[in-house]
Amino acid sequence: MTNGSRHAINADSVARHTLQNGATLLVYPNPASPSVAIGAYHAGGAVLETRESAGLASLTADALNRGTADRSFLEFSQALDHVGASLSFHADTEYAAFGGRALAEDLELLLTLAADALAQPTFPEDEVGRVREQTLTVLAHAEDSPGSRAARRFRELLYGPGNPNGWPEDGYAETVREFEADDLRTFHARAYAPASMVLAVVGAVDPMATRDLAERTIGAWNPQRDAVTPAGWRQALDAADAPTASAEAVRREDLTIEGKTQTEFLLGWMGIRRTDPSYYATIVANFILGQLGLGGRIGSNVRDTQGLAYHASSYVVPGLTRQPWSIRAGINPANVDRAIEASLHEARQLAETPPDDEELGLSKQALIGSLPLRLERNDGIANMLLTMQRYGLGLDHLGVYADLIRSVTADDVRDVTAAVMSDPAYTLVTAGPELPTS
Amino acid sequence: MDNVREHALANGLAVLTREVHTAPIATFFVWYRVGARDEPQGMSGASHWVEHMMFKRTQRLAPGDIGRMVEGVGGTFNAFTYEDATAYHETLPAEHLDLALEIESDRMLNAVFDPDDVEAERTVIISEREGHEASPMFRLMEAVESTAFRVHPYGHGVIGSKADLRSMTRDDLFGHYQQHYGPSNAVIVAVGDFATHDFLDRVEQHFGDFPSNSPPPAVAEREPAQEEARRVEVHHPGPFPVLMLCHHTPERSHADCAPLLVLNALLSGPPSGPFGGGGTLRTSRLYQRFVASGIAASVGADVGVNVDPSLHRVVVILHPGGVPEPIEEAVLDEIQRLHDEAPSQEELDRVVRQTRAKRAITLESVTAQAVQLGMLEMAASWRLSQTLTDDLQRVTPDDVQRVARTYLCESARVTGWFMPAAANGAAA
């Protein structure tokens, strides 16, 4: 099975190995390329922090390379920059992750530096102070940006104050301002552990040599005694899952930001987990509703027919915990209510009436046919391997993906839309200039 | 980038091809030599608006058809407009490459510009502009460009002024389309999994019968040499001060472009992306001076890759409440350092090594390769993509010092500041 791409990515071609410290290694050799991509995810996301320490996971990941037992931040950067390589770390709500690119001959350098940052970061006070200041500037920008401001508030309202999915990954100015180097050290010791890690290596590499290299670098990382276990991480994820119960009424907030001319809105409902069997019907439905062409039915109505917006689309976010299904658009403040009404109309329409064969077939073919494009680059393949592992899809997933999409029926599309969007209690946040009173 | 082949049809349509067989996909671009630089007074934003209209109606296609055709086979599509050109592209499974030829040959001559579609798109484009206005960087860039270019159309920006967007008519736009769209003002760039000979036959079938179009008027405006430093400040509500410190630089075909790229690599990083930029390296001079030291939040620099003389820009984002004067002085100090000291040969060797690696990684996708070929062909010649690393390797430490003194001098300087202000214009 070649998945429509020239790559036969399956359980036979991907070398899988458990390193001595419990980390999982996936290697896919792609000799046609001169480069290599590495990618990994592991425990260390915001699900392991508290509301009072919102942003701590993100700041810890950002500061991992700012000084290690073996290298200063400058030495770490020099090692990468001298050979044109890159390596970056970040934390999401559910997990922490890193990714790197280099010429294939520099794989050892990438893995050595990744292991150095993960296993023995020192979090020097002055460097932590600088990363903290940079984060505060990013947060000030987010407060000033209508799109970011609406997105942040939308999640707060949707998940409520006690759920890590509800607070921004990079935290709040009032929490971030308080973080000291010791907070990062404590979080790292508690939340980072190799047993939860999945590492993918893709490029012009030999699987056996890569396995030896990974053992000597990432495999040599031994966690702190009381670091989180894979079961502990799973528990934290379960605790961060949102209840399915809906709110009693529409929740709407209009945020005013001085000096803006356009309003961004985000309107949505709690959706499903990536592991839910209805996921494939949901992505087909979302493609019809807000993706096909320039924004699907919503884009066609709001942008093409009414000329109200430059962008108007809908989004499904994959996650181990339930994630929103949402509609976003950027609108002149005078037209906000018309655009919201048009978006709701399209959502209700799809929740009531199955799509016709042509629209359904087109959307399914788009989702199936785009697979080779996603697997063109080494980092695309690495991301696909990590996705398959994270959601338990199996390394043969690409062989069955097309059938999973093909099996979605028009009634499935209507039903999954209705299950989420027929709930009258949606959540809506607008952000921009003061809205005209209607 | 090797293995690029150049062809031409009898009607003047140029075709660049590069076979890449590592993945069963192909990308198809049509580049038109029309952008903001070709817009007369009162028509700023016309090229970008025409680009939007090309997704509407042709004699064969209705709005939405292009999306359905391309995405229906798993492909992606889009278009972009900048100062010098407009490009349309489809990336799709190679067996469906003909779809791209059908779409692009159709809209090269057959777009309808229905008056109702034009009116609907007017508000869409004004909405796009209003979305940009949320960004301090956009407001500052507009102010700096209009200060730097008083005569040349590079001064009016790609999206266009709101006044022009409100007043342009359907016939203005259709005239712009008719004047600039046609085979002899276009370049096809195709990269991917196809056989060149067979592909060229299909290009001939789709585009070969089109009549050669008369050349559009040459851009007459030449920006007079700037004789003294200029300065502009934007006071508007926003999160932090931003500095954009620019100097006039020559066109991309100029021999001094290579040493300027090396100079810029020392300041921020090597040219690696398809558009020439490559992000700021943490070991670069500007990152070390401003970000590693903690005195600013972020910094970057780039040099224009344009048909006509353009700008070298240094952009510094300050922390909220940051004080402007010491930051501006520090940027000028870094520029003075380039005047005073030639870089070491070791630094230059590092730039070449970094460029090689970054390009090998960035140009892994067929789309990125086609963007680089097209962009360079629009600005000067696609052949620069083959010679770029060699051109950089030939640059000497003295060359870098010479171009610093020649171009990054006070009389060629345009300094722009975005300063946060309360909504009434008072300092925040």
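Modeller: Domain bounds here come from an automatic or database domain assignment. This is a predicted model, where local features need pLDDT of at least 70, side-chain atom pairs count only at pLDDT 80 or more, and totals for chains, interfaces and linings use all residues. Residues are numbered from 1 along each chain as its sequence is written, while chains are lettered from A and ligands numbered from 1 in the order in which they are written.

Colleague: Which domains does the assignment of chain A give?

Modeller: There are two entries for chain A. One is domain 1 (15-239). The other is domain 2 (251-354 + 409-432).

Colleague: What radius of gyration does chain A have, and why is chain A called as compact as a globular protein of its length?

Modeller: The radius is taken over C-alpha atoms, and the globule rule is 2.2 Å times the number of residues to the power 0.38. For 438 residues that rule gives 22 Å; chain A is close to this, so it is as compact as a globular protein of that length. Its radius of gyration is 23 Å.

Colleague: What percentage of the residues of chain A count as buried?

Modeller: A residue is buried if 20 or more other C-beta atoms lie within 10 Å of its own, exposed if 12 or fewer, and partly exposed in between; C-beta atoms are placed from the backbone. Chain A has 438 residues. The buried share is 55%.

Colleague: Which element gives the largest share of the side of domain 1 of chain A that touches domain 2 of chain A?

Modeller: Residues are in contact if their C-beta atoms, placed from the backbone, lie within 7 Å. The contact takes 13 residues from domain 1 of chain A and 21 residues from domain 2 of chain A. Helices (H or I, at least four residues) and strands (E, at least two) are DSSP runs, numbered from the N terminus. The largest share, 9 residues, comes from helix 5 (residues 146-159) of chain A.

Colleague: How far apart do the C-alpha centres of the two domains of chain B lie?

Modeller: The assignment of chain B gives domain 1 (4-207) and domain 2 (230-420). Their contact takes 31 residues from domain 1 of chain B and 28 residues from domain 2 of chain B. The C-alpha centres lie 27 Å apart.

Colleague: How many residues of chain A are in contact with chain B?

Modeller: Chain B brings 48 residues to this contact. Helix 4 (115-132) and helix 12 (345-362) of chain B are among the elements that each supply at least two residues. On the side of chain A, the count is 55 residues.

Notes:
Contact = placed C-beta atoms within 7 Å.
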